[in-house]
Structures are given as structure tokens and as C-alpha cells.
Amino acid sequence: MQIPYELILGWRYTRAGRATRRNGFISFISGVSMLGIALGVAALIIVLSVMNGFQKEVRDRMLGVISHIEVFAPNGAALPDVQKTLAEIKQNPQVVGAAPFIAAQALLARGEDMKGAMVRGIDPAHEGEVTDLAVDLKDTALPRLIPGQFGVVLGGELARSLGVREGDSVTLIAPSGQITPAGVVPRLKQMTVVGTFDSGHFEYDSALVMLHQDDAAKIFRLEGPTGIRIKLKDLNQAREVAAELSHSLSGNLLIRDWTRQNRTWFSAVQLEKRMMFIILTLIVAVAAFNLVSTLVMTVTDKRADIAILRTLGASPKSIMGIFMVQGALVGVIGTLSGLLLGLAIALNIDVLVPALERLLNASFLPKDIYLISRMPSDPQYADIMPIVVIALVLAFLATIYPSWRASRVNPAEALRYE
């Protein structure tokens, strides 16, 4: 199989040695361009992988407390027929668990300290079907939630802010109270702390209060659960399943999936990813367009070679192809090197970061500030492929003008002073 001479010459010019000072400088500029593309691609892959890792870590911790989908009655009222709704939900093949709950807001008081709280009345027997947190507590705190004893399980941060431990008493203040001649008096109920939890997500650790749903119904004067929490086989199908349930469930019910419960947070993360992608792509673009100066100098240095090739019968198209091959090879080698470097760091960042922390005697992610104490990384094909394609396209575009200039060299003019 005969290899086209354009490829051979393009590869030869790419790996040109340092035979002369000019060739050495051109080779240096070419190497810098290649290194710039590699570092830009590697930086993009590493940054986006770390951002994906943070998003996945926070999402998993969030979903350890909340469910994939919630079905609830309007205005915080009790569901009209809980068993019928449960049966209709479980007919969906994507559903693997469902549990009733009561959601309300209240104040939690201990002495002079008072905190706002998200109250969740649960069924301890079925809560493990919908959240990982309940699975972790099923042998410790949840069995202590006995109807009529008014026990509560508090988030760790909430318990610490109130200064309470297991066995202490707190006062739950319901917002809607009794009407008396003196006005509306809020309902107060003395509760016993039977356990605490730490989910790793500050929003829930600092505000969530769990109690038995029968006790919650008595305190908030409800006839039954206000909603049903659902767990799916695939959490990424939450929106599709929510849309299906909106058509299959009977009654006037509201449906909300986990992406809508934290829409602001997820939108902010996606915006940050897009901005970082744009900013770091500019680094790749600068490195890619360094190829323009490299190829312009190469064309100037190889004018005599171009003239000789033209006199031997090479067409302008072939001359253009030679220098396009040279630029494309620099782009391909730089992109592939950056891809390998980026993946090597992204896949081993859990080893590299602790080593750097020990070397520098520093902590990049203090446990008392951030949600997590280790650097997560999650390289995704959907992020890596656009990076590689954009880098190759930019490198290819940078070769067009210098290659076209090379094809326009006049042999007679190029050889006049040789």
C-alpha cells in the first residue's frame, strides 16, 4: 500500500530536527503549541470531572434524605385515599418503593433557643423503602418512634444548635393553633429526642425533624398522610415517571420530582460548568492558533522546498495538503496527549490530592467548611467527547490559511535568490 507523499512530508516537517537555528526555533514553537493544546484539553477534562464529582456527591447525599418523587395533596391537606394512591403508584414498573408521609413546618424550642424546622411525619416500617437515611437508622433511631410517645429524631446540626442530646426534651410549636378570646394560641407539644442523624447535607441536618406520622397527624390535626414519597429504579428517569404518574393517578394531586425540589442548585451547577467550559476552551483556542505562527514560519523556511516540489509536478492542492497534515498532526498529538493526561489525573485524583496535601501540609477541603472532605471526580463521556472534537476542529481551522499561502508560492520567485 503506497502512502501519499503529502502525509510523509507533513510528518517529516512535524518532527523536523534542529539542524539549523531557524529549524530549531520553529520546532520549539511547534512544541509549545502542542503542549498548550495538551494542557488546555487536560485542564478541561480535570475541571469538568471534578465538578461532575461534586455534583454527584452532593446529589447522592441529598437523595439520601429526600425521595425521587413526591405525590402530595394541595394546600398541605391529607390525601383523600392513601391506599388507592399507593396501589396506583406501585403499578408503574419504575417504582421500587413508596411510603406515606406528613410534611409541615414548625418551631422547635429548647429553653430560650428556638429554631425553624421542617417536620416530617414518617412510617418507620416503610420509610426505608424510599430513603437511604432511613436504611441507616432502621436499627437505631427509627424503631424508637412509637405512636403516642411523641419521640423525634433530629438532624445533627439542629440538635447541636439547640444543645440537646438523646433523651432530652424539646417543645414543638405548630403554626396553626387554637382560637381563644385572647387570640390564636399556637399548639405546643413536649417531645422527647430519641436519636439524631448526620446526612452530610447541611440544609437537612440543620432543619429536619422526623417523628411518627400518627403523632404528626395529632399535632397538626390531620386525618392522615399529606403525601407519598417514591423511590425509582433509575433516578435519572424521575421527570419521565412523574409525567406518567400525573396521567395515571386519580384525584387532584400534585407531583414533584427531585430535580424540581432543588432546581436552583442544579441550575447554578450547570451554569458554572458551562462557564468553565467556555473559559478553558479559550486556552485551547489560543494554543491551537499558535499553529498559525508555526506554520507561517515553516512555509517561509520551506519556500525553496515548495518551489522544487512544484517544478517536479506537485499541484497547489498537494502543497496545501502537506502543511495541513503538519498542523493537523500537531493538533492530534496535542489533543491525545491532553486526553491521556487529563484522564490519568481525573481517575486518580483521590490519590493525588491527599499526596499533595501531605506534601504541602495543607487541607484543600476542610471538613468543617465543605460538605465533603475528599476531592471527587467523575469523568463523563458526554463532556470528554466535545472537548476532543473542539480541540481538533480548532487545530484544523488554524492550518487552513498558512497552508493556502504555501500553495500560492511562485516557484520562480522562491528560487530566484537560492
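## Glu166 and Arg144

Glu166 is exposed, with a relative accessible area of 52%. The model is predicted. Arg144, at 34%, is partly exposed. These two residues form a salt bridge, with 2.9 Å between the closest N and O atoms. The pair links distant parts of the chain, 22 residues apart. Glu166 sits in the loop between helix H5 (156-162) and strand E5 (169-180). Arg144 lies in the loop between H4 and strand E4 (151-155).

## Arg229 and Glu127

Which residue forms a salt bridge with Arg229? The partner is Glu127, and the closest N and O atoms are 2.3 Å apart.

Is Arg229 buried or exposed? Arg229 is buried, because its relative accessible area is 0% and buried means under 20%. Glu127 is buried as well, at 1% relative accessibility.

The side chains of Arg59 and Asp60 meet in a salt bridge, at 3.5 Å from N to O. Arg59 has a relative accessible area of 19%, so it counts as buried, the limit being under 20%. Asp60 is partly exposed, with 33%.

Salt bridges that share partners join Arg59 and Asp60 with Lys56 in one network.

## Overall count

How many salt bridges does the structure hold? The total is 11. Among them are Glu166 with Arg144, Arg229 with Glu127, and Arg59 with Asp60. Side chains of opposite charge can pair when their charged atoms come close.

Note on methods: Residues are numbered from 1 along each chain as its sequence is written. This is a predicted model: local features need pLDDT of at least 70, side-chain atom pairs count only at pLDDT 80 or more; totals for chains, interfaces and linings use all residues. Side-chain values use heavy atoms; hydrogens and water are left out. A salt bridge is a side-chain nitrogen of Lys or Arg within 4 Å of a carboxyl oxygen of Asp or Glu. Buried means under 20% relative accessible area, exposed over 50%, partly exposed in between (1.4 Å probe, protein chains only). Helices (H or I, at least four residues) and strands (E, at least two) are DSSP runs, numbered from the N terminus.
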